[in-house]
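The following paragraphs lead the reader through one protein model, from a loop to its charged pairs and then to a pocket. Please keep the sequence and the structure in view while reading.

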Amino acid sequence: MNPDSLMIRSANLLGTALKDGSGKKLGTIREVFFERDTGQARFVIVELGGLLKAAGKFYPVPWRTLRFDEKADGYLADLTKDKLKGGPAYDREQLNDTAYAWSEQTERYYRVEPI
């Protein structure tokens, strides 16, 4: 397989639907946070849609909980809407404040070991 086929442009990732394991839409990926020193993706920021949309709130999801599904041509996570909705949610100002520690709160909620 050509290594270039394993990459995705950020422009193609933003606005992509994040789906649960059965292919139902959980929300829309609005942003990706990367580790500054390694370039490794750490979190996607998901905005809920439909009736669950919380005005101005964004839900960080650890990148390591996502997997690309060729058949769905998108990203899947073993989450339910209730699990996502019950998770940490932040407004834009909180996400931009490094002292707010949203990454640690999110990793704790999803039980992901920090890098």
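Helices and strands are taken here as DSSP runs, a helix having at least four residues and a strand at least two, and both are numbered from the N terminus. The model is predicted. With that numbering, Asp20 is placed in the loop that runs between strand 1 (17–19) and strand 2 (25–34).

Asp20 does have a polar partner: its side chain and that of Ser22 are joined by a polar contact of 2.9 Å. When residues up to four places away in sequence are set aside, Asp20 touches Leu26, Leu76, Ala77 and Leu79.

Salt bridges are found elsewhere in the model. Arg30 counts as partly exposed because its relative accessibility is 40%, whereas Glu47, at 16%, is buried.

Another salt bridge is formed by the side chains of Arg36 and Asp37, at 3.6 Å from N to O. Both Arg36 and Asp37 are exposed. A further salt bridge connects Arg42 with Glu107, whose closest N and O atoms are 2.6 Å apart. Here too distant parts of the chain are linked: Arg42 is in strand 3 and Glu107 in helix 4, 65 residues apart. Arg42 is buried, and so is Glu107. Through salt bridges that share partners, Glu35, Arg42, Arg64 and Glu107 are joined into one network.

Helix 4 also holds Thr106. Thr106 is counted as buried because its relative accessible area is 0%. Which residues does Thr106 touch, not counting those up to four places away in sequence? They are Phe43, Pro60, Val61, Pro62, Pro88 and Tyr90. For Val61, which is 45 residues from Thr106 along the chain, the separation of the C-alpha atoms is 7.1 Å.

The last topic is the open space in the model. Rolling a probe the size of a water molecule over the atoms shows where empty space is left. The largest pocket has a volume of about 350 Å³. Its lining comprises 15 residues, and the closest to the centre are Phe33, Phe34, Thr98, Trp102 and Ser103. Strand 2, strand 3, helix 3 and helix 4 each supply at least two residues of this lining. Helix 4 gives the most, with three residues.

Thr98 is in the loop between helix 3 (92–96) and helix 4 (102–109). Is Thr98 buried or exposed? Thr98 counts as exposed because its relative accessibility is 79%. The C-alpha atoms of Thr98 and Gln40 are separated by 18 Å, and these residues are 58 residues apart along the chain.

Methods: Residues numbered from 1 in each chain as written. Predicted model: local features only at pLDDT ≥ 70, side-chain atom pairs only at ≥ 80, totals over all residues. Heavy atoms only, no water. Polar contact = N/O pair within 3.5 Å; in protein donor to acceptor, adjacent residues only side chain to side chain. Contact = heavy atoms within 4.5 Å. Buried < 20%, exposed > 50% of the residue type's maximum accessible area, 1.4 Å probe, protein only. Salt bridge = Lys/Arg side-chain N within 4 Å of Asp/Glu carboxyl O. 1 Å grid on protein atoms, 1.4 Å probe; cavity = no way out; pocket = protein on both sides within 12 Å on 5 of 7 lines; lining within 4 Å. Points joined across faces, edges and corners; volume = space filled by probe spheres on them.
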